[in-house]
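This report is for a reader new to the structure. Please look over the sequence and the model before reading on.

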Amino acid sequence: MAREIIDDDSLKIFVNTPIEVCEQLDPKGLYRKARAGEIKNFTGIPAPFEKPKDSFMEVSNNQPDIKKPVMEIWRKILTDIKLNA
């Protein structure tokens with residue numbers, strides 16, 4: 001997998017979250033407004049979402065609890081640091 005280094009201290013991580021979970025976690029009600037037509041070209045409603053191809057890693061997040069994906073990210077980063085040190 002190709003890895004895009006944005007700068008020396010950044011990695012692109014794609015947290016793959018179903019739109020239903022995004023809507024549950026939306027404190028500003030943006031998804032509701034997009035579904036009501038109040039926001040035009042909102043990513044995912046109706047504008048398409050394109051999965052990034054150049055991420056350092058992809059993490060699935062199928063639930064509102066972010067703890068498991070965060071731990072997965074930390075494990076991958078720490079492993080990568082050890083391997084490249």
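A residue is called buried when its relative accessible area is under 20%, exposed when that area is over 50%, and partly exposed in between. Glu58, at 29% relative accessibility, therefore counts as partly exposed. The model described here is a predicted one.

## Overall layout

The protein has 3 helices and 4 strands. Read from the N terminus, its elements follow the order β-α-α-β-β-β-α. The chain counts 85 residues, and 22% of them are buried.

In soluble globular proteins, nonpolar side chains tend to be buried together. In this model, the largest nonpolar core consists of 5 residues, namely Phe56, Met57, Val59, Ile73 and Ile77. Strand E4 (57-60) and helix H3 are the elements that each supply two or more residues to this core.

The charged end of Lys76 sits over the ring of Phe56, at 5.2 Å from the ring centre.

## The nonpolar surface patch

Val15, Ile66, Val70, Met71, Trp74, Leu78 and Ile81 make a nonpolar surface patch of about 620 Å². Helix H3, which spans residues 67-84, gives the most to this patch, with 5 residues.

Val15 belongs to the patch and has its place in strand E1 (residues 13-16). Its relative accessible area is 33%, so Val15 is partly exposed. Patch residues need over 30% relative accessible area, and Val15 has 33%.

## Aromatic pairs

How many aromatic pairs does a search of the whole structure find? The search finds 2. In one of them, Phe14 and Phe49 are stacked, with 5.8 Å from centre to centre and 25° between the planes. Phe14 is in strand E1 and Phe49 is in the loop between strand E3 (46-47) and E4, so this pair ties together parts that lie 35 residues apart in sequence. Phe14 is buried, because its relative accessible area is 10%.

Tyr31 and Phe42 form an edge-to-face aromatic pair, with 5.0 Å between centres and 85° between planes. This pair links distant parts of the chain: Tyr31 is in helix H2 (residues 30-35) and Phe42 is in strand E2 (residues 42-43), 11 residues apart. Both Tyr31 and Phe42 are buried.

Glu20 and Tyr31 are 11 residues apart in sequence, and their C-alpha atoms are 9.6 Å apart in space. Glu20 is partly exposed, with a relative accessible area of 49%, whereas Tyr31 is buried.

## Salt bridges

A salt bridge here needs a side-chain nitrogen of Lys or Arg within 4 Å of a carboxyl oxygen of Asp or Glu. The count by this rule is 3 salt bridges. One of them joins Lys12 to Asp54, with 3.0 Å between the closest N and O atoms. The two residues come from distant parts of the chain: Lys12 is in the segment before E1, and Asp54 is in the loop between E3 and E4, 42 residues apart. Lys12 has a relative accessible area of 25%, so it is partly exposed. Asp54 is partly exposed as well, with a value of 26%.

Another salt bridge is formed by Glu23 and Arg35, whose closest N and O atoms are 2.6 Å apart. Glu23 is in helix H1 and Arg35 in helix H2, so the pair ties together parts that are 12 residues apart in sequence.

Methods: Residues numbered from 1 in each chain as written. Predicted model: local features only at pLDDT ≥ 70, side-chain atom pairs only at ≥ 80, totals over all residues. Heavy atoms only, no water. Patch = residues over 30% accessible without salt bridge, like charges linked within 9 Å, V, L, I, M, F, W, Y side chains within 5 Å. Areas by Shrake-Rupley, 256 points an atom, 1.4 Å probe, with all protein chains shown as cover. Buried < 20%, exposed > 50% of the residue type's maximum accessible area, 1.4 Å probe, protein only. Core = buried A, V, L, I, M, F, W, Y, C linked by side-chain atoms within 4.5 Å. Phe/Tyr/Trp six-rings, centres within 6.5 Å; stacked < 30°, edge-to-face > 60°. Lys NZ or Arg CZ within 6 Å of the ring centre and 35° of its normal.
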